[in-house]
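Here is my notebook for a first visit to this structure. I looked things up one at a time and wrote down what I found.

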Amino acid sequence: MKSTPVEIVVLAPAWRTALKDGSRLARQAARAALHGAGAAQERRGIAIALGDDALLQDLNHRYRGKDKPTNVLSFPADDPDRLGDVALALGTLQRAARERGKTLNAPFQRLVVHGTLHLLGPGAAVSA
């Protein structure tokens, strides 16, 4: 079975040192979200953009009218061959993980799942 194409776009180089296995973790999390939501046959591509707080603040302001950084944003695609894009902010994620005494891996994957489910629409949920 062919899996959903998940492209990782590193827009903030600090991701490479902060989360060395980020690309693999992001792909796993996105595909697990699709599978858990019953969209395992989904073939439309997803792009995961790994950005910084400034990028996410700009996107949050531009598309949601909120002039502050946020941890994750999802952008459904108009193209029927693509599911959409998920953008994450490194600084926001690092601060939240540090406050909770966690490493980045689990919170990162949780946010990728969250963003991917948003691409599937308001009725998407992961079954246990």
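**Entry 1: the whole chain**

I began with burial: 39% of the 128 residues in the protein chain are buried, where buried means under 20% relative accessible area, exposed over 50% and partly exposed in between, with a 1.4 Å probe and protein chains only. This is a predicted model, so I kept in mind that local features need pLDDT of at least 70 and side-chain atom pairs count only at pLDDT 80 or more, while totals for chains, interfaces and linings use all residues. Residues are numbered from 1 along each chain as its sequence is written, and side-chain values use heavy atoms, with hydrogens and water left out.

Next I looked up the elements and found five helices and four strands in the protein chain. Helices (H or I, at least four residues) and strands (E, at least two) are DSSP runs, numbered from the N terminus. Read from the N terminus on, the order is β-α-α-β-α-β-β-α-α.

I also looked up contacts, meaning heavy atoms within 4.5 Å. Of the contacts in the protein chain with a separation of 6 or more, 67% are accounted for by residues 24 or more positions apart.

**Entry 2: helix H2**

I checked the length of helix H2 (residues 22–36), which has 15 residues. The expected span of a helix is 1.5 Å times one less than its number of residues. For H2 that should be 21 Å, and the end C-alpha atoms are 21 Å apart, which agrees.

Which residues of H2 are buried? I noted Gly22, Leu25, Ala26, Ala29, Ala30, Ala33, Leu34 and Gly36. An α-helix has 3.6 residues a turn, so residues three or four places apart point the same way. The cover over the buried residues of H2 includes strand E1 (6–10), strand E2 (45–51), strand E4 (82–89) and helix H5 (105–120). Just after H2 I found Gly38, with a positive phi of about 80°.

**Entry 3: H2 against H5**

How do the axes of H2 and H5 cross? They come within 8 Å and cross at roughly 45°; axes are lines fitted to C-alpha atoms, for helices over the stretch in contact, and angles run from 0 to 180 degrees between N-to-C directions. H2 and H5 are therefore oblique to each other. For that word, angles under 35 degrees count as roughly parallel, over 145 as roughly antiparallel, 65 to 115 as roughly perpendicular and the rest as oblique.

I then listed who meets whom: the H2 residues include Leu25, Ala29 and Ala33, and the H5 residues include Phe108, Val112 and Thr116.

Thr116 sits in helix H5 and is buried, with a relative accessible area of 0%. Leaving aside neighbours within four places in sequence, Thr116 is in contact with Ala30, Ala33, Leu34, Ile46 and Val86.

**Entry 4: aromatic pairs**

Rings of Phe, Tyr and Trp (its six-membered ring) pair if their centres lie within 6.5 Å; planes under 30 degrees apart count as stacked, over 60 as edge-to-face and the rest as tilted. How many aromatic pairs are there by this rule? The count is two.

Trp15 and Phe108 have ring centres 5.5 Å apart and planes at 50°, so I wrote the pair down as tilted. Trp15 lies in helix H1 (residues 14–18) and Phe108 in helix H5, so this pair ties together parts that are 93 residues apart in sequence. Trp15 counts as buried at 2% relative accessibility, and Phe108 counts as buried at 0%.

Tyr63 and Phe75 form an edge-to-face pair, 5.2 Å centre to centre with 70° between the planes. Tyr63 is in helix H3 (residues 53–64) and Phe75 in strand E3 (residues 72–76), so the parts tied together are twelve residues apart in sequence. Is Tyr63 buried or exposed? Tyr63 counts as exposed, at 52% relative accessibility, while Phe75 is partly exposed at 22%.

In helix H4 (residues 90–99), I found Leu90, Gly91, Thr92, Leu93 and Ala97 buried. These buried residues pack against H1, E2, H3, E4 and H5. Gly101 follows H4, and its phi is positive, near 65°.

Leu83 lies in strand E4 and is buried, with a relative accessible area of 3%. The C-alpha atoms of Leu83 and Val6 are separated by 9.9 Å, with the two residues 77 residues apart along the chain.

My last stop was Lys20, in the loop between H1 and H2. Lys20 is exposed, with a relative accessible area of 71%.
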